[in-house]
Amino acid sequence: MLTSITEGILCCLTGKAASLVLPLESSEPSDGFEFVEVKPGRVLRVRHIIPERQPTVAEEQVAVKEKTNGGCDDDSSPEDYNKESNTGSSVHCKRKITVYRNGQLVIENLGDVLHSEILQCQDGDLEPCSTVEVELADYKEMPSSPDPNPVPPSVPPPLGEQKPAPPPRRRRRKPKRTVLIDSKRVISSCKGTHSDVALFFVHGVGGSLDIWSSQLDFFSRLGYEVIAPDLAGHGASTAPQIAAAYTFYALAEDLRAIFKRYARKRNILIGHSYGVSFCTFLAHEYPDLVHKVVMINGGGPTALEPSLCSIFQLPSCVLHCLSPCLAWSFLKAGFARQGAKEKQLLKQGNAFNVSPFVLRAMMSGQYWPEGDEVYHAELTVPILLVHGMCDKFVPMDEDQRMAEILLFAFLKVIEEGSHMVMMECPDTVNTLLHEFFLWEPDMSRKDSCKTDTEKTVSDTLQTLKINNLMDK
């Protein structure tokens, strides 16, 4: 504590930031650590694990075909390697999003809709042609204008002959913006044996790729290709000493470069806290490449805007003096329990171990006005929401609100978890994520319901024809 205060005073006197985060040379280069220069002088550490797989039958056939043709086969393509993984269920994504001038948002689902209560099941049934409206603000009815020629009241009719009062007239709302989504999406099971599947893990403020160590080891052993970067200023990535390097847009472009470098045909994005916003950005930018998304304690579907009254608006030297208190507060709010095990997890995960300058710039740079409710409502990718019940950073109602806005959303609550639920309950989170990766919507019941409906209509028409003949 005294050392932090002394360094903070020297920081104020000299005007230099203390405890700079510099890139570290990986002591285990064979363990999948790479350093990627996303921009000149901007280097991110990335852990990239490519498991050794046995070639599938389709891959062997293509390899034999290429060898027979001398390595030049114009008919072969990367898709030929994964004919098994290309099979999936086609889902009709159709919804109408209307924003009114009074700040009201109405979402009408016109295609295949996956409700939250159905999503508690493992098969994930689809309800065809259901319509759901979501309103952000309560609509206030405006009184109608008075009649210029009022009619004198007449004698009221008897009690038994009173007519019901007409419904109140509503003022016609004028839409300010309307977005119509009408597309088809194929949702398939993503297995570790599929070479066209890649998992991207994105941490939040103050974290590092080390917070995903349990998930990276678990899924790489199952055969998945995993990619986890350190954000700028975090972990072993470079830490530019300019605040503009830590805005949402600067970090999003870094992750865009990482995504384009390692992306496969079917990519699954897993984000935690602030990292959820970057996963949302990539899913919106690359809807054909992002197959599924996992949001862990990411909060509600609201636009990002930094708080002007936050403690992180204090000078970096003051934050450096308060770093022990901030670390203790993070431990208390980020974990359901504050024992020796949690302290060790925090140390091993290299969480909340960034310089005060980076921490202040990260919190001040969370400005993303485009990421509002409409932006999230436009997503058609299946999304798993994971929430720790004891989370003191993200309230439960924010994730519930996110589930209401999204088109296809799973909401799973882990009672014994908090904000760092993937570190507290790794087995539960790994099992939950794996089930989601393997999940594929069952469209057979939709087709059977449609067949039953058509049969009922046909039987009804046939009965009407018989009755008409008998009447004649």
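A residue counts as buried when its relative accessible area is under 20%. F278 has 1% relative accessibility, so it is buried. This is a predicted model.

F278 has an aromatic partner. Pairs of aromatic rings are described by the distance of the centres and the angle of the planes. Y274 and F278 form a tilted pair, 4.8 Å centre to centre, with 55° between the planes. Y274 is buried too, with a relative accessible area of 5%.

In total there are 20 aromatic pairs. One of them joins F248 and W368, which are stacked at 4.4 Å centre to centre and 20° between the planes. This pair links distant parts of the chain, 120 residues apart. F248 belongs to helix α6, while W368 lies in the loop between α11 and α12. F248 is buried at 0% relative accessibility. W368 is buried at 3%.

Some rings gather in a group. One aromatic cluster includes F201, W212, F410, F436 and W439. Over the ring of F436 sits the charged end of K292, 5.3 Å from the ring centre.

Now turn to the sheet. Three strands form an open sheet in the order β4-β3-β5, with antiparallel pairing. β4 and β5 are at the edges with a single partner strand each, so one side of each has no neighbour in the sheet. From one strand to the next, the twist averages 15°. Five bridges join β3 to β4. K96 stands opposite E108 in β4.

The structure has zero disulfides. C390 is partly exposed, at 29% relative accessible area, whereas C190 is buried at 0%.

Conventions. Residues numbered from 1 in each chain as written. Predicted model: local features only at pLDDT ≥ 70, side-chain atom pairs only at ≥ 80, totals over all residues. Heavy atoms only, no water. Pairing = 2+ DSSP bridges. Helix = DSSP H or I, 4+ residues; strand = E, 2+ residues; numbered from the N terminus. Axes fitted to C-alpha atoms, helices over the stretch in contact; angles between N-to-C directions. Disulfide = S-S within 2.5 Å. Buried < 20%, exposed > 50% of the residue type's maximum accessible area, 1.4 Å probe, protein only. Phe/Tyr/Trp six-rings, centres within 6.5 Å; stacked < 30°, edge-to-face > 60°. Lys NZ or Arg CZ within 6 Å of the ring centre and 35° of its normal.
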